[in-house]
Every structure is written in C-alpha cells, then in structure tokens.
Amino acid sequence: MDPSTDSFKEKLDNTHSFPTLYVFKFIVKPEQVEEIEKLFPKHEVLLKPSSGGKYVSTTIKIMASSSQEIIEHYKEASKIEGIISL
C-alpha cells in the first residue's frame with residue numbers, strides 16, 4: 001500500500017468498529033451509473049441527477065467487515081474515468 005492508503009486505513013480503523021455501516025458517495029456522468037452499480041451488485045445505489053443533468057450523485061450504504069474492504073471498493077471505483085469520490 002502507498003502512504004496515503006496506509007493513512008486512510010489507519011483513520012478508518014481509528015474511527016470505526018467493524019463490522020460497520022459505511023456510506024460511499026460518488027459523482028459520475030449519467031452513462032457511468034451502470035459501472036457504479038456493478039461495483040456494488042448486492043447493494044441499493046441511490047441516484048440523484050444534478051439540476052443540469054450532466055452528473056449523477058450516487059449513494060451506496062454497505063455493511064463493511066473491515067477497513068480493507070472499504071479501500072478495495074475505492075480502488076475499484078477509481079478506475080472509472082472522471083469519478084469524483086466524496
């Protein structure tokens with residue numbers, strides 16, 4: 001892991017007791033919503049289009065068993081071009 005991942009993992013471990021409910025929020029283009037849904041096949045993906053329709057805010061709640069599981073989801077999501085993680 002790189003230093004920023006180590007730091008994030010440490011923060012997660014210090015602020016959460018696992019398993020824990022974790023909320024992911026991403027902003028993507030409408031045509032990328034399906035890619036987000038594929039990353040979280042067993043979870044409901046809540047969608048909120050922007051007022052201009054150019055972007056979609058996504059919210060996904062998961063029961064995470066470890067900080068590493070959360071980091072893996074972020075790593076997979078980062079492969080989506082132009083994604084914004086909140």
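Predicted model: local features only at pLDDT ≥ 70, side-chain atom pairs only at ≥ 80, totals over all residues.
Local features need pLDDT of at least 70, side-chain atom pairs count only at pLDDT 80 or more, and totals for chains, interfaces and linings use all residues. Residues are numbered from 1 along each chain as its sequence is written, and side-chain values use heavy atoms, without hydrogens and water.

**Exercise 1.** Determine the order of the strands in the sheet.

*Solution.* Strands (E, at least two residues) and helices (H or I, at least four) are DSSP runs numbered from the N terminus. Two strands pair if DSSP finds at least two bridges between them.
1. S2 and S3 are antiparallel, with 5 bridges; Lys-48 has Ser-57 in S3 as its partner.
2. S1 and S3 are antiparallel, with 9 bridges; Phe-24 has Ile-60 in S3 as its partner.
3. S1 and S4 are antiparallel, with 2 bridges; Ile-27 has Ile-84 in S4 as its partner.
4. The order of this open sheet is therefore S2-S3-S1-S4. S2 (45–49) and S4 are its edges, each pairing on one side only.

**Exercise 2.** State which side chains of S1 are buried.

*Solution.* Buried means under 20% relative accessible area, exposed over 50%, and partly exposed in between (1.4 Å probe, protein chains only).
1. In a regular strand, side chains alternate between the two faces of the sheet.
2. On one face of S1, Thr-20, Tyr-22, Phe-24, Phe-26 and Val-28 are buried.

**Exercise 3.** Identify the buried residues of H3 (residues 67–77).

*Solution.* 
1. They are Ser-67, Ile-70, Ile-71, His-73, Tyr-74 and Ala-77.
2. These residues lie on the same side of H3 because they cover an arc of only 155 degrees around the axis, taken from the directions from the helix axis to the C-beta atoms.
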